[in-house]
Amino acid sequence: MTFKRFAEYLAKIEAESGRLEIIRMLSELFSELEPEELPKAVLLLTGRVAPEFLGLEFGVAEKEAAKALALAVGADEAEVWRRVRELGDVGHAAQELLPDQEGGLPLLEVFEELLALAKDAGPGSQLRKRERLSRLLKQASPLEAVYILRIVTGRLRLGVGEATILDALAQAVLGDRAKRPMLERAYNLTSDLAYVAELALKGEEALQNVRVQVGKPIRMMLAERLPNAEAIMKKLGRHIAEYKYDGERIQVHFDGEQFWVYSRRIENITHQYPDLLKAFRAHLKKPYILEAEAVVYDPDTGELLPFQFVLNRKVKHLSRELIEKYPVKAFVFELLYLDGEALIDLPLVERRERLEAFVPKTDRFEPSERRWIESAEELEAFFDEALEVGDEGLMCKRPDGNYEAGKRGFKWVKFKRAAGGRLADTLDLVVVGAWWGRGRRSGTYGSLLVASYNPEEDRFETVTKVGSGFTDEDLQKILPARLDPLRREGPAPRVWAFLEPDVWFEPGLVIEVEAQEITLSPNHTCAYGKVKEGRGLALRFPRFLRYRDDKSPEEATTSDEVVELYRLQWK
Ligand code: AMP
């Protein structure tokens with residue numbers, strides 16, 4: 001396929017908002033591609049040339065892209081930049097400035113060029129990237145240029161999530177959308193859509209035989225929630241409860257030499273924990289994949305400090321001072337692979353036995369604290385103990401449960417302190433819009449329109465307007481810095497809203513919100529019609545708590561969870 005044909009598909013998909021129609025277009029595109037083109041096209045749809053966990057970025061700012069465009073058309077840089085600013089996007093500027101040429105380079109060739117561009121680093125790379133991009137633009141039709149530029153500047157926003165790509169792959173390659181679970185499993189074990197596409201082309205057997213691999217992140221298993229000890233006992237019976245530590249979840253891979261550390265969002269954060277990895281290297285020699293909660297402790301008292309403290313390590317160049325100021329300890333709660341053997345399908349008790357035999361207690365890491373629980377009284381006593389030592393609560397786990405990669409279910413149940421108000425838990429919501437402030441807040445955002453995620457429909461559904469809980473610094477600096485780059489005309493394709501905020505955003509920023517109660521509302525689309533016809537669900541008295549940069553928009557609280565929280569209010 002030519003890149004031109006691919007770009008035509010992208011334009012059609014971008015203009016469409018119906019999910020079924022998008023799946024149909026994508027599967028038509030997939031069927032038209034040659035086998036060697038398919039994995040690459042899948043990557044390009046996500047705006048990348050390598051899976052996200054490899055951390056390969058283009059490193060081309062919009063201004064640099066504008067310079068490449070100026071070079072390609074032989075125009076003045078300042079003039080081109082002015083046009084970019086006026087039109088709001090370097091893609092639009094290219095469409096206007098490039099001559100109406102045919103284009104038509106092969107998709108694979110464009111992919112290879114983009115890959116080379118992303119890989120180029122070090123001294124002089126900026127100039128080489130600019131020249132490479134300008135050569136590519138010289139051979140591109142205006143529409144191709146739009147998408148090339150959006151991809152390299154990280155602005156390809158088609159509104160197509162992973163779930164939608166998997167649906168379309170199931171349809172196009174396996175002949176049936178109902179076969180998506182098979183693809184989903186392979187994706188959950190490898191976090192690599194291009195690899196899943198390759199396996200799908202080989203057939204169902206290859207998909208079923210997919211294995212975890214050291215270095216490739218496993219999508220993390222997530223917990224459900226229940227309101228109290230009785231409900232948990234009823235659901236789980238005799239079970240294993242562990243302290244729920246309040247830090248950053250990390251998945252650590254070690255192949256005998258090299259380490260990879262992945263966040264909950266499957267970002268490579270290996271550079272964030274050099275001290276911890278040194279301790280792991282000293283004690284654990286065999287290849288493994290483990291999961292732990294990394295918690296900052298007070299170097300003077302040894303006391304564990306809350307989640308916000310690990311964020312201090314989220315900087316580009318982690319200095320020795322920062323490492324010493326914010327030392328971390330890891331509480332290991334999963335062993336997923338050990339010395340050639342995948343353990344994810346073993347029941348928890350067996351994984352736990354292997355974990356405790358393998359992971360010793362040291363001053364920088366130890367197995368998570370756990371206890372067998374027989375009754376609600378025991379569970380409550382253990383819960384109080386966890387709160388006393390500064391943890392968030394408990395994680396209650398089914399002893400016979402396997403590790404369900406990428407799934408949220410009742411094999412793990414969290415038991416958390418209610419954060420004030422009457423709701424059993426806080427919610428992690430995606431910012432999709434905002435209203436301008438008035439009075440003291442004029443010139444800043446006054447309140448944010450936030451949404452839950454509906455994975456079945458791959459859609460964000462609004463659930464409330466949040467205006468309280470923000471500091472002046474949030475309003476004046478942090479929110480504009482984070483939200484302005486996400487601004488767009490009209491609602492994003494995956495956002496479903498009845499309200500009309502002053503400004504719309506691409507779903508990108510996740511915030512944690514607490515609220516007093518959940519009510520039925522005709523103004524919000526969350527779980528619309530699920531509890532009552534013509535009504536969605538809305539939070540009352542919501543309050544901003546903190547930014548959840550560890551979560552991607554698709555990891556926000558789901559609309560079904562909001563329904564559950566709504567029902568829990570009367571239990
Ligand atoms: P939540 O973020 O509220 O959905 O709670 C789930 C998170 O709790 C996990 O993603 C982990 O980061 C964290 N966690 C803390 N301690 C444990 C533990 N012992 N087992 C599993 N997860 C834990």
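Strands (E, at least two residues) and helices (H or I, at least four) are DSSP runs, numbered from the N terminus.

**Entry 1: the model.** I noted that this is a predicted model, in which local features need pLDDT of at least 70 and side-chain atom pairs count only at pLDDT 80 or more, while totals for chains, interfaces and linings use all residues. Residues are numbered from 1 along each chain as its sequence is written, and side-chain values use heavy atoms, with hydrogens and water left out.

**Entry 2: Arg225.** I looked up Arg225 and found it in strand E1 (residues 222–225). Is Arg225 buried or exposed? Arg225 is buried, with a relative accessible area of 4%; buried means under 20%, exposed over 50%, and partly exposed in between (1.4 Å probe, protein chains only). Next I checked its polar contacts (pairs of N or O atoms within 3.5 Å; within protein, one must be able to donate a hydrogen and the other to accept it, and residues adjacent in sequence count only if both atoms are side-chain atoms). The side chain of Arg225 has one of 2.6 Å with the side chain of Asp425 and one of 3.3 Å with that of Glu561.

**Entry 3: the ligand.** I then turned to the ligand. One of its nitrogen atoms is 3.0 Å from a polar backbone atom of Tyr245. An oxygen atom of the ligand is 2.9 Å from an N or O atom in the Arg249 side chain. For Lys416, I found a polar side-chain atom 3.3 Å from a ligand oxygen atom.
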